[in-house]
Amino acid sequence: MINRILIRMKVIQILYSFLLVEKQFTLESNPTAPTKEKRFAYSLYLDMLVLLIRLANTVERRPGDTPLATTRFISRLMIDDTVKSLISKYSHEPFPYAGLVAPLADKLRESAIFKKYLKDSGNDVGSGEEHLWRDIFNLVVMTDPDVGAVTARRQNYTLKGVERMHDMMNRTFVNFLASQDNVAEVERALSLSLDKARELYFRLLYLPVEITDLQDRIIDENRHKFLKSDEDINPNLRFVENKVVDGLRTNETIDAFVAKNKIAWSADEPVMLRNLLKAVTDSEIYADYMELPEASVHDDCELWRNLFKRVILDNTDFLETLEEKSVFWNDDLETISTFVLKSLRRIEEGDAAGAVLEKFKDDEDARFGFELLRYLYKNKETYRRYIDDAVTGSNWDSDRLAFMDIVILEAALAEILNFPKIPLSVTVNEYIELAKSYSSSRSGSFVHAILGCIVSRLQKEGRLLKK
C-alpha cells in the first residue's frame with residue numbers, strides 16, 4: 001500500500017521539518033577588537049583546522065582509501081566558507097605545517113585512536129566519530145614536539161595565545177557534537193508518519209460504511225415520524241444495501257484496525273459526516289445510481305469510486321477535518337485515495353476478504369525510507385558540497401536557494417548514489433515532481449539542472465556507474 005512515491009514524499013516532509021530547526025555547526029568567529037595575541041590565536045586556530053583536513057586526506061587504510069576524509073567533522077569543515085577560502089589561499093601559498101603532514105599521518109595511522117575508529121566505523125551511521133577529531137587533535141597533534149616547534153616560530157607567538165587556540169578548538173568539537181543529528185528521532189518521526197498514512201487509508205475505507213450507516217439511521221427515523229411521506233414509508237434502500245459497502249463492513253482486517261484505533265467518524269465528526277452525506281445525496285452521481293433499474297456489483301463499486309473522486313475528495317469540510325487530524329494527510333490524500341480505489345476494485349472482483357492492501361509491497365519497500373534517511377544523514381555534507389559546486393558553475397544564484405530545494409536535492413543524491421537497483425531516470429523524475437509540489441515554481445527545472453550537472457560529474461569521476 002505504501003509505495004516508494006509516498007515514502008519519498010514522507011522523507012522530504014520529515015527531513016524539512018527536522019533540518020530546518022537543527023542546531024547548525026559553526027566555527028569560532030574572528031575576535032572583535034583583536035589584540036596581537038587574539039590575532040595569533042585565531043590564525044593558529046584556522047591553520048589547525050586546515051592541518052586536520054590535510055591529515056584526513058593523507059591517512060590511508062589502503063592505497064587510495066582515506067576513511068577520515070569522509071567523516072562528518074571533516075565534511076562539515078569543507079563546506080565552511082572561511083575554511084574554503086583558507087584552502088584556496090594555501091593552494092598557492094606555503095602552508096606553515098606542510099612538512100609535518102606526512103609524519104603526523106604516519107603517527108596517526110599507527111595510533112589506537114585510528115584503529116578503534118576503523119573497528120567501530122562498520123556499525124551504524126556516525127559510529128566511532130563522536131570524539132574522534134577531538135582525540136586526534138589533543139592526543140596526536142598537540143603532543144607532537146615538531147608541531148610545537150613550528151608554532152613557536154610564528155609571528156606574535158605566546159603560550160597564552162596557544163592556550164586560547166586550544167580552547168577555541170575544543171569549543172569547536174563541543175559545538176560539532178551538539179549539532180549532531182539525532183537519526184533515531186528522525187526515523188521515529190518517519191515511522192509515525194507512515195503509520196498515520198496507513199491510518200488514513202483505513203479511515204477512507206471505513207468512511208463509506210459510516211456514511212451508509214448514517215443514511216440508514218435517517219431512513220429509520222423517517223419511518224417513525226408522525227407525518228410520513230410515501231418515500232418515508234417505502235424508501236429506496238439501494239444506497240444502504242450497497243454490496244461494496246457490505247464487503248467493507250464485513251472485512252475482518254478493517255474491523256480489527258477500526259476497533260484497535262477507535263476510528264469513528266460519526267462520534268468524532270458528526271457535523272462533518274452529516275454535511276458529507278448531504279453532499280453525496282445531492283450529487284448527480286447519487287441520483288443516477290438510485291434511478292438505475294437494478295444495480296450490479298460493478299454499479300455499486302462505480303458509485304463509490306465516483307463519489308470519492310468527485311464529491312468526497314473535493315469536499316471542503318472533509319479536507320479541513322483531515323488537516324486538523326494530521327498536517328500531512330491532505331498531502332497524502334491523492335496517493336492514499338488510489339489505494340482505496342484498488343481495494344474497492346478487489347471487492348468488485350469478488351475478493352472482499354482480501355480487499356485490504358498490505359502496508360508495504362515487500363521488505364525492500366519497508367526498509368527503503370529508513371535506509372534513505374540514514375544514507376542522507378551520513379553523507380549530507382558531501383551532498384551539499386556537490387550541490388554548491390554545481391550551483392557555482394551554473395547561472396543559478398546560490399544565495400537564493402530555497403531550503404526545500406536543498407533538502408530535495410540531498411535526498412535525490414542519497415537515492416542515486418546508494419540504491420543501484422533504482423533506475424537513474426526514475427529517481428530524477430520523482431524528485432523533479434516533488435520539487436514542483438513542495439517548493440517554488442522554478443524548482444522543478446532547478447532540481448533537474450543541478451542533478452544533471454552532479455550526475456555528469458560523478459559519472460566522469462567514476463563515482464556513479466548507473467546510467
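Lys-225 sits in the loop that runs between helices α10 and α11, the latter covering residues 230–233. Helices here are DSSP runs of H or I with at least four residues, numbered from the N terminus. With a relative accessible area of 35%, Lys-225 is partly exposed; buried means under 20% relative accessible area, exposed over 50%, and partly exposed in between, with a 1.4 Å probe and protein chains only. The C-alpha atoms of Lys-225 and Leu-458 are separated by 76 Å, and the two residues are 233 residues apart along the chain.

Before I continue, a word on the source. This is a predicted model, in which local features need pLDDT of at least 70 and side-chain atom pairs count only at pLDDT 80 or more, while totals for chains, interfaces and linings use all residues. Residues are numbered from 1 along each chain as its sequence is written, and side-chain values use heavy atoms, leaving out hydrogens and water.

I turn now to helix α10, residues 183–223, which gives the most to a negative surface patch, with 3 residues. The patch is formed by Asp-216, Asp-220, Glu-221, Glu-241 and Asp-246. Patches are made of residues with over 30% relative accessible area and no salt bridge, like charges being joined within 9 Å and nonpolar side chains (Val, Leu, Ile, Met, Phe, Trp, Tyr) within 5 Å. Accessible areas come from the Shrake-Rupley method with a 1.4 Å probe. Asp and Glu count as negative, and the place of a charge is taken as CG of Asp or CD of Glu. Glu-221 is found in helix α10, and Glu-221 counts as partly exposed because its relative accessibility is 46%.

The next topic is salt bridges. How many does a search of the whole structure find? The search finds 35 salt bridges, each being a side-chain nitrogen of Lys or Arg within 4 Å of a carboxyl oxygen of Asp or Glu.

Two examples lie within helices. In helix α4, residues 81–89, Lys-84 and Asp-81 are 3 residues apart, about one turn of the helix, and their side chains meet in a salt bridge at 3.7 Å, N to O. Lys-84 is partly exposed at 36% relative accessibility, whereas Asp-81 is exposed at 56%. In helix α5, residues 101–109, Arg-109 and Asp-106 are likewise 3 residues apart, about one turn of the helix; their salt bridge spans 2.7 Å, N to O. Arg-109 is partly exposed at 25%, and Asp-106 is partly exposed at 42%.

Arg-134 also forms a salt bridge, with Asp-135, the closest N and O atoms being 3.1 Å apart. A network of salt bridges links Arg-4, Glu-364, Asp-365 and Lys-421.

As for cysteines, a search of the whole structure finds 0 disulfides, a disulfide being a pair of cysteine sulfur atoms within 2.5 Å. Is Cys-301 buried or exposed? Cys-301 counts as buried, because its relative accessibility is 0%. Cys-453, by contrast, is partly exposed at 38%.

I close with the backbone. Most residues other than glycine have a negative phi. Asn-156 has a positive phi of about 65° although it is not a glycine; its place is in the loop between α8 (145–152) and α9 (159–178). Lys-262, also not a glycine, has a positive phi of about 55°. Lys-262 lies in the loop between α13 (252–261) and α14 (265–268), and Lys-262 is exposed, with a relative accessible area of 67%.
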